[in-house]
Amino acid sequence: MKTYQHYSPEELALDGSFRRWILHGNETDSAFWQDWLLKNPDKQGEVATARQLVIAMRQTPFRDISDAQVSRDITRVLETVVTRVEAPPGNRRHFIFPVSTWKVAAILVLISSAGWWIGRHGFKEILSGHPQETLSATDETRKDFINSTSITQKFALPDHSTVTLAPGTTLGYLENAAGERITELDGDAFFEVRPDPRRPFLVFNNNVITKVLGTSFRIRSWAGSNAVQVTVHTGKVSVFSRKEWDAGKTTPSSGLILTANQGADFVAANGTFHKYVVRNPLKVQPVPEQQFEFSSTPVVEIFDLIEKTYGIELVYDRQLLQDCALTASLSDEPLLEKIQLICQGINATYQETDARIVIHSKGCH
Amino acid sequence: MTAAKTEDITLWQKLCDGNVAAFEQIMNGYYRQLFRYGIRILPDEEIVRDCLQDVFIDIWIRRPALQSVNSVNFYLIKAVRNRLLLARRKDRSVAFPDNWTEKAAFISEITIESELILEEEQRLHATKLETLLNSLPPRQKEIIHLKFFEELSSDEIAEIMSLNRQSVYNLLHETLRKLRSLWLVTLSLFTI
């Protein structure tokens, strides 16, 4: 039996029996450790520290997931396996995976070596780049880009835009008589559109039409699901519901305009969009990291910098916050963590409304 | 714990036989826990959620071949980890950008450390502690999570992280020592 006489708090924290006592109150272990403490009263300090270590290490992450999100995700998996994977052959144009086991094994090997290959050579060299050209009955210029592999694939479109397709995604592309670039998406895709003001780029999903001039953005819209999600990385897009589109309301000002770091979900139930700030906003303007080192800096100045850096609007009472200042290093945190840390520092709270961040504060005094 | 594990194996067998309800139950039981693991090694919620969904879809497709799995928890963690590492590698070279880089993890460690000052009380505030944990390099963050959150054995961690048993212990020990040295100190944010 171990005596634990010379154990450091770290060693205690790593001992299975010790952890079982702290975390699960296991009977045998509890009896042992209580007895041990009686015999080693000078070890109280080590035990207390080790105990804190064990408990502290079980801290839940900042960014947890809500119950609602969990059930939405699970529903999506179930929908996917039922509608896509289980559909009888012939009903769908393609499948995510063939089912026989040895093929799966071969594909898995391919995935891991592809991952290694990408890491080593960058994406360009492994681009499959050759669309499976299927001729549609209605339009001979239509090209279908299908990613039937299990990793994302980047394709070059005929207009030299590029699109990165998630596994199982299909994108149809054609140019109509007016020269408009028309695409039809089933799945999850990241677009980098080549700017051409005279030839709008349009993405059609079930219920949503996205119109862009030149920009990068992502759209998720799987057949069999009403959900459509559009998120913008750079530039500007306008989104329309199918209803608005069919009613001829197609000028950019009549649609919902999304700029960098904004996203919108289409709510099929009432045919409207829910607009929000994307989860992990990217800097729209390169700002040196050291600019996010603050020493007694007025908070309003910090907010100005954040607005400029992320292209996101912050709403707050400038007058009220003018006496607040902050000393902090916020260079690495994603946007929302920056906001959260600042709010903690000045005793404020924040809330995201309609793709803007609203700061509630009572001021500093 | 043991009871739960036996129950999981029963559910898993049903899943392999094509029982959707069992599949859903497994997801309900593990989704959040796997998300918490994923977000530790790749701090981008969307990518983590995408990976989790892919892992489960993949499990369903490959279910006839998964009869021999004997620890559901262990199998899922490994599957999620492989998928996330793939996503992370892919992510660096193309599209879906995120803020994660190995380098950034180390920078944050240094800046946070220099911003840390001694606090009188030994009380650990959850947010501050989380900041500390987040400031660890990725492998240290992961190993702490596997040991204390998932309560995996050293052998299991060794297999997941491709380390030998001794290295697992050493890395855990080193990480805990580092955390303890930052123990009393905390991120300073002042109002004036």
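1. Basis of the note. The model is predicted, so local features need pLDDT of at least 70 and side-chain atom pairs count only at pLDDT 80 or more, while totals for chains, interfaces and linings use all residues. Residues are numbered from 1 along each chain as its sequence is written, and chains are lettered from A and ligands numbered from 1 in the order in which they are written.

2. Helices (H or I, at least four residues) and strands (E, at least two) are DSSP runs, numbered from the N terminus; two strands pair if DSSP finds at least two bridges between them. Strands of a sheet pair through backbone hydrogen bonds, either parallel or antiparallel. In chain A, β2 (residues 153–156) and β3 (residues 162–165) are antiparallel, with 4 bridges. A:T162 of β3(A) lies opposite A:A156. The two strands form a hairpin with 5 residues between them, and A:H160 in the turn has a positive phi of about 75°.

3. Hairpin β12–β13. Antiparallel pairing over 6 bridges joins β12 (residues 262–267) and β13 (residues 272–277) of chain A. A:D265 has A:H274 in β13(A) as its bridge partner. This hairpin has 4 residues between its strands, and A:G271 in the turn shows a positive phi of about 70°.

4. Three-stranded sheet. Chain A contains an open sheet of 3 strands in the order β15-β18-β17, and its pairing is mixed. Strands β15 (313–315) and β17 (349–353) of chain A each have a single partner strand and stand at the edges, so one side of each is left without a neighbour in the sheet. From one strand to the next the twist averages 25°. Within the sheet, β17(A) pairs with β18 (residues 356–360) of chain A in the antiparallel sense over 5 bridges; A:H360 in β18(A) is the bridge partner of A:T349.

5. Helix contact α2–α4. The axes (lines fitted to C-alpha atoms, for helices over the stretch in contact, with angles from 0 to 180 degrees between N-to-C directions) of α2 (residues 16–24) and α4 (residues 44–56) of chain A come within 10 Å and cross at roughly 70°. That makes α2(A) roughly perpendicular to α4(A), a term for angles of 65 to 115 degrees. The contact (C-beta atoms, placed from the backbone, within 7 Å) involves A:F18, A:R19, A:I22 and A:L23 of α2(A), together with A:A50, A:R51, A:V54 and A:I55 of α4(A).

Conventions:
Parallel < 35°, antiparallel > 145°, perpendicular 65-115°, else oblique. Contact = placed C-beta atoms within 7 Å.
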